[in-house]
Amino acid sequence: MNQQTRSIRMWTPHTLALFLLMAVGLGFMAYRMTYGLGAATGLNDVYPWGFWLGFDVLGGVAMAAGGFVIACAIYIFNWKKYKPIARPAILTAFLGYLMAVIALFLDIGHPFRLWHPAVMWQVHSVMWVVAIHVILYTTTLGIESSPMLLEKMSWQRTLALVKKIMVGAVVFGVMLSTLHQSSLGAVFLISGARMSRLWYSQFLPYMFLISAVAMGLAMVSMEAMFSARAFNHKVDREVFIGLAVGVRNTLMVYLLLKIFFLVKNSSVAAAFDGSVAGNMYLAEMLIGVIIPLALLLNGRCRRSLNRILLVDVLVIGGVLINRLNVSLFSMDAWSVARGGGYFPTGSELMVTLGVIALGTFLFKLAARYLPLFEEG
Amino acid sequence: MAATRRDFIKLSAGVGLLAVAGEPALAAGAELSSGAVGLLYDATLCIGCKSCMVNCKRVSSEPGGPLYSPGGTIPYEFRGNDRIHDSPDDLSAKTVNIIKVYKDGSGMRKDKVRDGFSFVKRQCMHCIDPACVSVCPVAALTKDPVTGVVGYDGNRCIGCRYCMLACPFGIPKFTWDTNDPKIVKCELCRHRYKDGDYPACCEFCPTGASLFGPVTELAREAERRLALNPGSEYAFPMGRIGSNRYSKRKVVGYFRKVYGLKEAGGTQCLLLAGVSFDRLGFNPGIEDVAYPEFTWNYIKKVPYLIGLLLVAGAVGHQLTKDRE
């Protein structure tokens, strides 16, 4: 552990605020575990899936995409310049999955049967495919993050072994992630009868994958900028510019596909018809795609770290809106016609905040006590 | 446009064969099972007495039924202070069968669109290739290999509610108000077959509007009714096919469609009505495709994608080894 990380102070007001959020979240979790989903959430028969699924699970997993994209760049394509951000990126991915798993645990009706899919196979279900991916990929992320812990513990022989299988683990992890991101989109392929054509298409799995790559890159970039400020971890600006170019290229492909499917499956008019779905579509496109792309196409913006941070925040926000749109707002017209409505309850929001606080705290803990910012 | 049941079966058999040739067995596009049973609901015979609802709720609350709870109470849905009438608004975890009504203008003419009304029965359609069964990650929902009834096993269910999202008809419901929840839907009174009984909605229907029987025979009966001349007299079978109980009535003009022959790839519950099914609340967005195919088209690619991605990763690593 070097001077730089030892200077991180653990017991600050910031940490106490995180603890407060975690405690409140835990309280609401206990409420959900005691009284069930109907009491704790705004869910109902017309809206069987809500904020925990749309935000925590779909959003948390998309957020984690930075881990596999960066691991792929470094260990598979040997782009060594990104090595300084490898460990934070993979840890962020692990925490994103943790958020998704906690949310899934609470969101299913029988939390203590979470293990059932591992034993009761049903290969026709995308949900089963997703469950198996989560199990395998969380394990892989554990292996990918283990060098930090092994170095700290000075377990040299295990460390040597992990380093030997690292490339294999990354290849395996990238395969799992690619499929997992797209499988989360594939979950909705069967719900076409109730979804707006602004989002529904047979290409939905790949739209999830592409937007997750953009969000993952933005997430890694944002998280490195915050680390630079909070933990005094300096990263070469070329790394941020490289990530911004990655976001730009991904968004260009994504925008073209979005426009293609808008025209093919729906219509431009449908996006501007003033309906809830139309407005949410515009919000998602403006915040997550069009404004960030406009900023990134300007060469001067692309070299300003503050502008890049703004782009990162916009892209992350936009993709989170997209996940809520696909899982909730795309079904608005269908649900309203059936007398349904949904708004997340305090429990749902506070549990989500508590889980985000937990992730932030764990990241801080790792920054303080583990060689998180070393190149490994 | 009148596709017969046989055409449908040929089609689905074709899809099944393709699936066997190209993909792993059990692929989407299943065929009607040998002993497939179902319902034929004829809205023109329905008088809206709701006898089916009352008896469904009573019988479904018996052990083995979808509404059974160890306490043994019947889950009535009272409105306000009225503790007399079970009056559900819609299907729910307490109601697996409901009679609804379409109404227009003065609402005086039975089974007519203008100034008319029509009843409609809503319940699980028991799809030939059900979306809910295909999406269930733990096979808590299964299709009986003989009767084709879509049944539920609460001990496997993890409560993910994907079936609710996947069902094009919006049928599965969830017991939200408990910490030990389950999915609830019509299981076509499968708990009554061993005693020789059949679905309560058909047994207690006083007009033959709900008719139980083998799906192929129900489809034939439905096609026969469509061919009748309005105003002529016809002996409508009551209860179940082969019961030899008939109700002689004048035939009303039908909307020219047997609902369920093609919708969602075909269902074991069929409907006839005097007005269009869009007006009766069926989602016109439901396609004539077995819904599991939408996902299977993706899942069947997964094994190839795994191989492709692993090879691409290894090759990528080798090619860029010398990069600085």
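**Close-up views of a predicted two-chain model**

**View 1. Chain B meets chain A.** In this predicted model, 50 residues of chain B are in contact with 45 residues of chain A. Several elements of chain B give two or more residues each to the side that touches chain A. The helices on that list are α3 (131-135), α4 (162-166), α7 (292-299) and α8 (302-319) of chain B. Strand β7 (173-174) of chain B is listed with them.

**View 2. Helix α8 of chain B at the contact.** Which element gives the largest share of the side of chain B that touches chain A? That element is α8(B), with nine residues. The residues on this side of chain B divide into 30 nonpolar, 13 polar and seven charged.

**View 3. Chain B as a whole.** The secondary structure of chain B comes to eight helices and 12 strands. Along the principal axes, the C-alpha atoms of chain B fill a box of roughly 85 × 50 × 45 Å. Chain B has 324 residues, and buried residues make up 46% of them. Now take the contacts in chain B with a separation of 6 or more. Of these, 61% are between residues 24 or more positions apart.

**View 4. A three-strand sheet in chain B.** This open sheet has the order β9-β1-β12 in chain B, and its pairing is mixed. Which strands lie at the edges? They are β9 (210-214) and β12 (269-272) of chain B, and each pairs on one side only. From one strand to the next, the twist averages 20°.

**View 5. Strands β1 and β12 of chain B.** Strand β1 of chain B covers residues 37-42. Four bridges join β1 to β12(B). Do the two strands run parallel or antiparallel? They run parallel. For a residue to look for here, take B:Leu39. The bridge partner of B:Leu39 in β12(B) is B:Cys269.

**View 6. Two domains in chain A.** Chain A is divided into domain 1, residues 13-42, and domain 2, residues 43-334. How far apart do the C-alpha centres of the two domains of chain A lie? The centres lie 25 Å apart. The contact takes five residues from domain 1 of chain A and four residues from domain 2 of chain A. On the side of domain 1 of chain A that touches domain 2 of chain A, the residues divide into two nonpolar, two polar and one charged.

Technical notes
Residues numbered from 1 in each chain as written. Chains lettered and ligands numbered in written order. Predicted model: local features only at pLDDT ≥ 70, side-chain atom pairs only at ≥ 80, totals over all residues. Contact = placed C-beta atoms within 7 Å. Nonpolar A, V, L, I, M, F, W, Y, C, P; charged D, E, K, R; others polar. Buried ≥ 20, exposed ≤ 12 C-beta atoms within 10 Å, placed from the backbone. Pairing = 2+ DSSP bridges. Axes fitted to C-alpha atoms, helices over the stretch in contact; angles between N-to-C directions. Domains from an automatic or database assignment.
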